[in-house]
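Okay, thanks for coming, everyone. Let me put the sequence and the structure up, and then I'll walk you through what I've been looking at.

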Amino acid sequence: MNLLQTEDLVASYGDFQALFGVSLAIEQGETVAIIGANGAGKSTLLRTICGLLRSRHPTDVRFDGKPIGSLEPEQIIALGIAMVPEGRRPFPSLNVEDNLRMGAYCGRIGPWTLERIYTLFPNLAERRLAMSPTLSGGQQQMLAIGRALMANPKLLLCDELSLGLAPIVIRDIYAAMPGIRDEGTTILIVEQDIQRALRAANRVYCMQKGRVTLQGRPSALSRDQIKLAYFGV
Amino acid sequence: MIIGSYRVERSTRASRAGFAAMLAVIVALISVPAWAGRAEMRLLIEVSYYLALAQAWNLLAGYAGLVSVGQQAFVGLGCYGFIIATAFLQIPPLVAIPLTVVAVGLIAIPTAFLAFRLRGAHFAIGTWVLAEVLRLIFTLVQAFGAGTGMSLPIHVVLDISENRVIRELILYYVSVAIGIATVLLVFLWLRSREGLALTAIRDSEAASGSVGINQQRTKLTVYLIAALIAGLVGALVVLEKLRITPDAAFSVTDWSANVIFIVIIGGIGSVEGPIVGTLVFFVLRSLLADYGAWYLITLGAIAIIVMLKAPRGVWGLIGSRYDVHLFPVQRRVRLNLD
Amino acid sequence: MYWINTIIQGALVGGLYALFATGLSLMFGVMRIINLAHGDFIVLSAYLAVVVINCIGVNPLVALAVVVPLMFGVGYLLQRGLLNFTMGSDILPPLLVTFGLSVVIQNVLLELFSADSRRLQLPWLETASVRIGDQLAIGLMPTSVFVVAVIVIGGIEFMLYRTDLGRAFRATSDDPDTARLYGVNNRNIYALATAIALAVVSIAGVLFGIRTIFDPTIGPARLLYAFEVVIIGGLGSLWGTLAGGIILGVAQAIGAAFDPSWDTLAGHVVFLVVLLFRPRGLFPKTFDP
């Protein structure tokens, strides 16, 4: 059984339709990347999965076999889907440690604790009492990942991890992915950086204008196929 | 479909009909003293000044986003200003009215300086504090009878006219004229360049800033206009009631609560709303006149329900159903489809 | 000695004012709404205590055990049933709905209890005092009220900064959408914030009723005091609020020492002076997002 499955998923912001029938399936333990240009609908897809946007029918999104398309975000995280939001969104009036503790608010028990997060990201341990806006962009990204992990999710959604970060910082952040996967966490990454995505994932979906245009294992996809699926030319 | 051309129009059939209706109402109001009694005239005087206050508050909260709970400050200043001018400075009453309004405007400027340091919800209570400060100051002034207040000296009243009937006629016409003039003034001002800026601020504060509208100045203008209208009403209130106390002059119930409920129930953010609201208010008041506090309880409860269920008020419900605008502030683009 | 006495009395009242302000500040901090009926809830609590005392014949302090949970429930239902529907970017709906509530509560109390002044009787505490020197006596009751205020403010501060609930309050205040992503049910959090705010208000209301006489119309003035305390102390800092309360209390006491009718005005003037020269308050939080 798939851990996450979307079927013919449609989503809109008011009158603007952003997803036109997206179907994807992710198995337990996979790391899947979704690539696509700006406006392809990648972030919309994640926002729909985590409940910030509603799908048309409850059964359009299934998690562990259960329909979750009509649930609220606070119910979805309790089932084990945690999101690292686009733009990182730390809580500005909370310090690093309180931000991390907020991740555990839903009360799920599992391998991830404050100590484990600090081992994974030693940078955060050094600044555990700092207010989150004083962190660098890379540290904020680590904080956002750590906060989501504190919920001990079965599925981790990562929206645009590399956005606005220096290459060396991006490398540090992706270096943490294997450690997360080893705990059995399934990961769904949205990424504009194609190379980075191909290297990190077992499987890739390419989206264009709200539709899936290509999918497969990175090794099985040719450069031209990806170019066509990504840019549509 | 080929769009041949379009035209921009402002007046609609409804607005032309509304204009005709308004003319009819004005004619009727002019004729009132000929056939109605004193009680009706006094009621219409009160209707007039509540209409003026409602238009002023609508301009503040509905257009400029300045939710004030302190308009009683300027009504009260208008009351005392008029008494000072007539009873103490011996200025003839009809000259004292405009002088009072100017004085209230001058005092409003420093209060704006303080109130504008507070934003949004804090502004609301800030204006309330300012009104309280003024009330407390007047309770301390022995010359004005301190807390027990004072009466308008009889010579001031006689100054208007020795004849009671003529006096009441003058007061009636002045009040009704002020009520109607406020509506027209607000309507015309909203159509002006400055008024358009105000509507833009209402619709999107961020966007209006980016197209170069000086929001602070526009808001300050609105604050001062509203203060002047309230000051004017204050002067009329004294002429009508002939007696004033700090509690009545600076009453939050009379000059803020009632006015706010009128605008909310009638419909905030339109010129028509406060007119409808004023009518509803006086109908409710006459229906509930015998029930004491229940009258205010009902009014408050209706305002809460309207705010939650129909935030554009009674006029909003009418307007959205029939697309009528008696006072067309906006321009409409009509396509000529060929 | 006269002035020291005046200042001490003022500071002790200030504790009560800080308690008035705490509920207002909590609701504004979490939800960015100002409850214009805040003062009327203070008065409502005092009247609830009157009813409890009349029904079961207990003293006012025991009545707290009934009034506080009751007001907690009122706050929860008020937020879930009414105020949650006013939340959004527009400041008008919460202001006007709470203003409407203020008028409704005042007039319902007038209908039920008439305009007569009342007081919650607590004879032994009212008269007891500790004498320090010839002209200085510190009343046991004002002191107890002050101590209770400090304990309650400390408790709220602890809740905000040391508990999961407090963290959720602060996170929701920062970014409600992101807080939902981590399992916070905003509607429930808002309701709990209002419930706690009204529980604090009810303590303040009963203590107030023990200290002074009250009638249904005095709510708005307490709202203004609470607001002034919040602004004088600086937003977002509860110990600043305590300091603000003391400053307002002392200002009123000094005003009253010159002339009894100057007390409220003197407080207002101090508020306006702070607003003029230090619009962010005397003790603003160094970090204010």
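Let's start with C:Ala37, which is buried, because 24 other C-beta atoms lie within 10 Å. Buried here means 20 or more other C-beta atoms within 10 Å of a residue's own, exposed means 12 or fewer, and partly exposed is in between, with C-beta atoms placed from the backbone.

Before I go on, some housekeeping: this is a predicted model, so to speak of local features we need pLDDT of at least 70, side-chain atom pairs count only at pLDDT 80 or more, and totals for chains, interfaces and linings use all residues. Residues are numbered from 1 along each chain as its sequence is written, while chains are lettered from A and ligands numbered from 1 in the order in which they are written.

Back to C:Ala37. You'll find that residue in the loop between α1 (2–31) and α2 (38–56) of chain C. Helices are DSSP runs of H or I with at least four residues, strands are E runs of at least two, and both are numbered from the N terminus. So what does C:Ala37 touch, leaving out residues up to four places away in sequence? C:Thr98, C:Leu101, C:Ser102 and C:Ile105. Contact means that the two C-beta atoms, placed from the backbone, lie within 7 Å. As for C:Leu82, which is 45 residues along the chain from C:Ala37, the two C-alpha atoms are separated by 13 Å.

Staying in chain C, look at helix α10 (residues 219–233) and helix α12 (residues 263–277): their axes come within 10 Å and cross at roughly 35 degrees. Axes are lines fitted to C-alpha atoms, for helices over the stretch in contact, and angles run from 0 to 180 degrees between N-to-C directions. The crossing of α10(C) and α12(C) is left-handed, meaning the near helix is turned anticlockwise from the far one by less than a right angle; clockwise would be right-handed. On the α10(C) side you have C:Tyr225, C:Glu228, C:Ile231 and C:Ile232, and they meet C:Gly267, C:Phe271, C:Val274 and C:Leu275 in α12(C). By class, that's six nonpolar, one polar and one charged. Nonpolar covers Ala, Val, Leu, Ile, Met, Phe, Trp, Tyr, Cys and Pro, charged covers Asp, Glu, Lys and Arg, and the others, Gly among them, are polar.

Now the interfaces. Chain C puts 31 residues in contact with 33 residues of chain B. On the chain C side, α4 (92–113), α10 and α12 each supply at least two residues, and α4(C) gives the largest share, 14 residues. That side divides into 24 nonpolar, five polar and two charged.

Chain A meets chain C too, with 22 residues from chain A and 17 from chain C. In chain A, the elements giving two or more residues are α2 (73–79) and α3 (96–103). The chain A side has 16 nonpolar, two polar and four charged residues.

One more helix pair, over in chain B: α12 (residues 252–266) and α13 (residues 272–287) pack at about 115 degrees, with their axes 7 Å apart. That makes them roughly perpendicular, a label for 65 to 115 degrees; under 35 is roughly parallel, over 145 roughly antiparallel, and the rest oblique. α12(B) passes α13(B) in a right-handed crossing.

Last, chain A itself: there are 10 helices and 10 strands, and 47% of its 233 residues count as buried.
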